[in-house]
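Open the model in your viewer and keep the selection tool at hand.

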Amino acid sequence: MNAPEPKLATVKEGLPYPKGATWDGKGVNFALFSANATKVELCLFDAEGKTQTARIELPEYRDEIWHGYVPDIGPGTIYGFRVHGPYKPDEGHRFNPNKLLLDPYARAHIGELKWDAAVFGYKMGEEDSTFDERDSAPFVPKSVVVDPDFDWKRETVWKPVPWDRTIVYETHVRGFTKLHPGVPEGERGSFAGLAHKDVVGYIKSLGVTTVELLPVHTFINDSFLLERKLTNYWGYNSIGFFAPDPRYASNPAKSLQEFKEMVARFHDAGLEVVIDVVYNHTAEGNEKGPTLSFRGIDNASYYRLIPDKKRYYINDTGTGNTLNLSHPRVIQLVTDSLRYWVDEMHVDGFRFDLGTILAREPGGFDTFNGFMKAAIQDPLLGRIKLIAEPWDCGPGGYQLSGFPSGWAEWNDRFRDTVRDFWRAQASPKALAPRLCASPDVFNKSGRQAWSSVNFITAHDGFTLNDLVSYNDKHNEANGENNQDGNSNNRSWNHGAEGPTDDAAIKGLRKRQMKNMLATLLLSQGTPMMLAGDERSRTQRGNNNAYCQDNEISWLDWKTDDAIERLIRFVKKLTGLRLKYPVLRQRRFLSGIYNEELGVKDVAWVSATGEEMSAAEWDDGNARCFGMLLDGRAQQSGIRQRGHEATLLIIFNSWQDVVKFKLPAAPEGECWELIADTNMPDLPDGGRFDIGHVYEVTGRSLLLFELN
């Protein structure tokens, strides 16, 4: 039996701001934007979210915001909206009050979507122009009023990591700790598990500075995946932009506090937290998708619709719909969400999935569209890390370097060129600009070298181990006949497909992994590592494990001597990057001789020990060269010599030994070997005179310091 409804006389007008459900200690203010609705009803539920206890019409409508204040309710109250209005799909309107809707500003959710015909606004099996009258409330997640209070005083005095010192470590909340033996079983795969001291200590020990988490916003599992007994493991299917997904909490009722506790523990260790966000689409899909929130609140405002066919959605995301970032209230939703995660949740930045969508207008990509203008001028967002995935699936979707100054961008040209070089498919001339933070791409508008986020592997694609172990993808476990995922991986199995007992192949694979890790961590720009690459993590050749919530995706914490050596090598590289500022300069390297200072910031050296000639530079078959970084080069806008170490990095992707004459360099007498991917441990007395002919092992990378 339903509990009695609150008397209408107790409901007050409330305020149109802030949006969502706001508790003031005495009651809750509800505010919901809808430009085209005719009535909005607030539905309250019992503690389990199953039984509706009240249905209250929001009494006021101001500035396209429906609002009302309900006294004597507070945190833990479970609610949803029913929104009335025209159901005219051909005009872009899909209101259906029979469908209970999530609050776009809800800070917490409860329950999971059950794929029943009632969650669709139209009659399943018929045209989407039909109208379904079944109540969806028993089958949909619901919103929860929260108490935002959290004692951040326990967090140490926090200072963000400067961009030039940043090393990003991309991982997944669930997959990173699901198999961790030191984490209590009930906390594995959760925010609490990630905050465990052993986990935080391990990440800190690697020398990385910034943990980038795959999406943590509440998301939906696609029905087609559930039918195949799979799941949306990566989480790129958001339905709420303020609520952490309760599935990632060891105690779902405390998901908000648990996330905050995790951030605080990372900050205590000096580690930043960046979250991957999906503001390009929602889980409601195309015109055949469910009605869960935005579609039922104001479809014509929240989504980009085909102008002359408003029944259908513009699909620049490849997921069925595209958020309408041309609408001021949608821009406000996104910027409010970003500010909330910074101000209330203390995250340090965002990586924007399919970031090009954010800057799309009806006419196409616009660097200074409404959202970008809003973000650039925002005093809070202007001081955090903003990282774009600079492409989407729409026309003109590839926009590397198209984002404004102040943004960093994933640089897939670095990924592709480095992969090609180490399989002997790219020349020094192709690799050189990538080693210098791609100035040919990013050096404009006062941008700095950190704008290039360099990566070789990421969640999407092969792991580093699989990159050197498979020629082809092996995605059979996804149930799509191996048709999904990218077939152009620029990978090389080195003589055997997958695991092998051949010692020579295994040794070469390990060296190639070290070659690519060293290239990543010794290059200018911002390096990003994929979690587990330092442990030779494999996905068994699956390069699209988006639906694999199992051992294929989870980090394996078992270890052996080879894994420990690789971890030590990564720690050494991150330590070298921190030790030598010349490896992480803010200014782009030019290779141009500075007449005033008598210094060239970078020089390219051939095996003869001399600067590469034009003929050598243009030789597409060249496979071995050196990068000489002069520590005396100008370090900032002030015209004066630097006082840093001078380094020489030698890259040899040729299969055989190359005799390399160590070059002359000003103010130095000899070269000291600092790192060699062919050696587990460096020999004592690794100093070599200028002019010494060093035998560089085939397919190896070396680092020398001038003494």
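**Stop one: the second largest cavity**

Select Arg 419, Trp 422, Arg 423, Leu 467, Val 468, Arg 490, Ser 491, Trp 492, His 494, Gln 512 and Met 516: together they line the second largest cavity. (A cavity is a set of points on a 1 Å grid over the protein atoms alone where a 1.4 Å probe fits but cannot get out; lining residues have an atom within 4 Å of a point.) H9 and H13 are the elements giving two or more residues to this lining. The volume is about 70 Å³, meaning the space filled by probe spheres set on the points.

This is a predicted model: local features need pLDDT of at least 70, side-chain atom pairs count only at pLDDT 80 or more, and totals for chains, interfaces and linings use all residues. Residues are numbered from 1 along each chain as its sequence is written, and side-chain values use heavy atoms, without hydrogens or water.

**Stop two: H9 against H13**

Now show helix H9 (residues 412-422) and helix H13 (residues 503-522). Their axes come within 11 Å and cross at roughly 140 degrees. Select Phe 414, Val 418 and Trp 422 on H9, then Gln 512, Asn 515, Met 516, Thr 519 and Leu 520 on H13: these make the contact (heavy atoms within 4.5 Å).

**Stop three: the largest cavity**

Which residues lie nearest the centre of the largest cavity? Select His 172, Tyr 233, Leu 530, Arg 537 and Ser 553. The space is about 180 Å³.

How values were computed
Axes fitted to C-alpha atoms, helices over the stretch in contact; angles between N-to-C directions. Helix = DSSP H or I, 4+ residues; strand = E, 2+ residues; numbered from the N terminus. 1 Å grid on protein atoms, 1.4 Å probe; cavity = no way out; pocket = protein on both sides within 12 Å on 5 of 7 lines; lining within 4 Å.
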